[in-house]
Amino acid sequence: MAVLRFTNVAHGDTMAFGTMVTILATWGLQSVGITGGPVPTALLALPVGIAATAALLLATDRMVYRFYRQQRASSAILLIVSIGVMFVMNGLVRFIIGVDDQRFDDGSRFLVSARDFKAWSGLDEGLAIKTTQGITVLTAAVVMIALFWFLNRTRTGKSMRAFADNRDLALLSGIDPERVVAITWILVAALATIAGTLYGLDKSFKPFTYFQLLLPIFAAAIVGGLGSPVGAIVGGFIVAFSEVGLTYAWKKVLAYLLPMGLAPDGLAQLLGTEYKNAVSFLILVLVLLIKPTGLFKGTST
Amino acid sequence: MIVGPNGAGKSTAMKAVFGMLPLREGRVTLGGRDITALTPQARVAAGMGFVPQTHNIFPSMTVEENLEMGGFLRRDDIRPTIEQVYELFPILRDKRHQAAGELSGGQRQQVAVGRALMTKPQLLMLDEPTAGVSPIVMDELFDRIIEVARTGISILMVEQNARQALEIADTGFVLVQGANRFTDTGAALLADPHVRQSFLGG
């Protein structure tokens, strides 16, 4: 959404902050004996994380962004400003929870474990679905539907789209810009905290990893077309599958696909997993060279 | 109806009336109420509708959403007003679910006028609604605007095509170099030899 009219590079660290608060709340819940049973306790702690992140973002907007908005600063200046905000948030997170890895998933580990699947299907290879993976897919779908419903069906959501479309006409129509901006930040807080927590549940929480998420996030947004919600989703899938596709060890797959005896000796991995970020970067450069507007043209800044 | 040559201050006058420019002297009243101190947004709430010359629609939103946003300030049911707009501009009913930015120039102007009508204004201000549309579409737009006027809404309009504009005007103002040179009924202005000679090409 081009409501705020700038590219916010602090997304990764916003996710880190939201996740950090969620983790602290999770530990709090666990210490008083409340757990989510089979589902991770962190999901119960999500509202706390979202509320704290929303408060942080609204305070940041009041202290930093509002000044530049009133100056009608260009989006390039706001981009630089958001880099500053990113460093402050980054420091805040490291200061509070430290730079180390934190694991905070609990509940049952697997929805489908490899051994159970083998026994059930009689196949040679197992299929494992981690609980966190299932929850991630489910939550992503629910959040996506809720977001589109909000933007396309509610009065407030429509007023946000109107504001993004034509700011002056939105003002003439009586849409309050400060309210639209505030709601946008709250949405950012909710989405970033949910995304960060799900990511942390599936992997683990480490502030630096979240900072590094910035590149794939941008690659996804630009592939899809800046300012287009559908584009962001499609772009996310493209970037993710490219990253995994190029760094995956295809040995076993090839062994089954190719005729007997032709199976490769090596891992058949095109790139080391350390080069994952290079894939995002390559996609980014290619898209900017070939189709800078992205797949779905949005209202870019 | 405000007419006059290029650079005479027609659009500036319109913006001043709507509160987008500060007044150096004088007052703005609407139905007897002094609204000089109000912001443009507050003037909309007070009963003024304004259609800017350009950027007057929400291009990525549907026609119906454009109308809904026009009625954003209203807390009551806006469905009947949307129906009235569709009756006034039947083409918009057919295109209600299409993005307004995909419509033709004349249709976009209809969306823009419809959006401004959603607040049920006493006064509708149009800044050159026919700029950049073909003569045929222009005639149709004029017809529609006359129909809007017949529903009891006063219309203040800036227009480049002085002759056609004065033909339908109750009152015409001819601006020259930032000052009001002639004020009269449209028909009287059209008959005035000075006006004819200077601005209507004889």
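**View 1. A salt bridge links A:R161 to B:E65.** In this predicted model, the closest N and O atoms of the pair are 2.9 Å apart. A salt bridge here is a side-chain nitrogen of Lys or Arg within 4 Å of a carboxyl oxygen of Asp or Glu. The rule finds 2 salt bridges across the interface of chain A and chain B.

**View 2. Chain A meets chain B.** Here 15 residues of chain A and 21 residues of chain B are in contact, meaning heavy atoms within 4.5 Å. About 1,700 Å² is buried between the two chains, 57% of it from carbon and sulfur atoms. Buried area is the accessible area (1.4 Å probe) that two parts lose on being put together, summed over both. On the chain A side, A:R155, A:L169 and A:L172 lose the most area to chain B, together 38% of what that side buries.

**View 3. Domain 1 of chain A touches domain 2 of chain A.** An automatic or database assignment gives domain 1 as 1-105 + 157-212 and domain 2 as 213-301. Their centres, taken over C-alpha atoms, lie 25 Å apart.

**Reading the views.** Residues are numbered from 1 along each chain as its sequence is written, and chains are lettered from A and ligands numbered from 1 in the order in which they are written. Local features need pLDDT of at least 70, side-chain atom pairs count only at pLDDT 80 or more, and totals for chains, interfaces and linings use all residues, while side-chain values use heavy atoms, leaving out hydrogens and water.
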